[in-house]
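Welcome! Please take a look at the structure shown here before reading on.

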Amino acid sequence: MTRKQETLPRTDETAGLSSLDRFLCFAVYSTGLALTRAYKPYLDELGLTYPQYLVMMVLAQEDGQTVGALGDKLFLESNTLTPLIKRLEAMGYVTRTRDRTDERVVHVGLTGKGRARAEEAACLPEKILLAMGMSPSEFDRTLGSLTRMRDRLRKPDAGKRLPVSRDAAD
């Protein structure tokens, strides 16, 4: 049985979508790499990796979160997040405590040393904004677009698999 596949109609606008410089995913990926590289010298001075920095910033906004809540906010699984938190604990920046009512739940909080480090790191977004040469309004528009795109792609139906070939097949 054959059926018509979901694809965009071929037009002059869609014809170039298969060129690498037109891959939105590549633009987002390579921009992410560039942003991480821009943060690196600052984070090296602070002795933090980028994921550690993110954990510290989330805890600075709301301390005492569970590992699960941190994972939800950072889009990380606990098997990735737990070793990262253990390293931050070994550095003296966070504490981990088991929940009294459910020992499977672990709460993470900043220490005094961790809060001081987070305060030092709080200026980094401004430095990166300056490095990007974006106005605050351009930044807000870009952030809004990327956030909406991420949220749409995270919806359950966004992952439905479409056939790769443009030929009608079943």
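The report below covers the sheet, the helices beside it and the nonpolar core.

This is a predicted model, in which local features need pLDDT of at least 70 and side-chain atom pairs count only at pLDDT 80 or more, while totals for chains, interfaces and linings use all residues. Residues are numbered from 1 along each chain as its sequence is written, and side-chain values use heavy atoms, leaving out hydrogens and water.

Let's start with the sheet. Three strands form an open, antiparallel sheet in the order β1-β3-β2. Strands (E, at least two residues) and helices (H or I, at least four) are DSSP runs, numbered from the N terminus, and two strands pair if DSSP finds at least two bridges between them. The edge strands, β1 and β2, each pair on one side only. β1 and β3 are joined by two bridges, and Gln65 stands opposite Val108 in β3.

Contact means heavy atoms within 4.5 Å; angles run from 0 to 180 degrees between the N-to-C directions of axes fitted to C-alpha atoms, for helices over the stretch in contact.

| Helix | Strands | Angle |
|---|---|---|
| α3 (residues 50–61) | touches β1, β2 and β3 | about 85° with β3 |
| α5 (residues 78–90) | lies across β2 and β3 | about 120° to β2 |

Now for the core, a set of buried (under 20% relative accessible area, 1.4 Å probe, protein chains only) Ala, Val, Leu, Ile, Met, Phe, Trp, Tyr and Cys residues joined through side-chain atoms within 4.5 Å. The largest one has 26 residues, and Met56, Leu88 and Val94 touch the most other members. Helix α3 gives the most, six residues. Leu88 has contacts that include Leu48, Met56 and Val94, not counting residues up to four places away in sequence.

How values were computed: Buried < 20%, exposed > 50% of the residue type's maximum accessible area, 1.4 Å probe, protein only.
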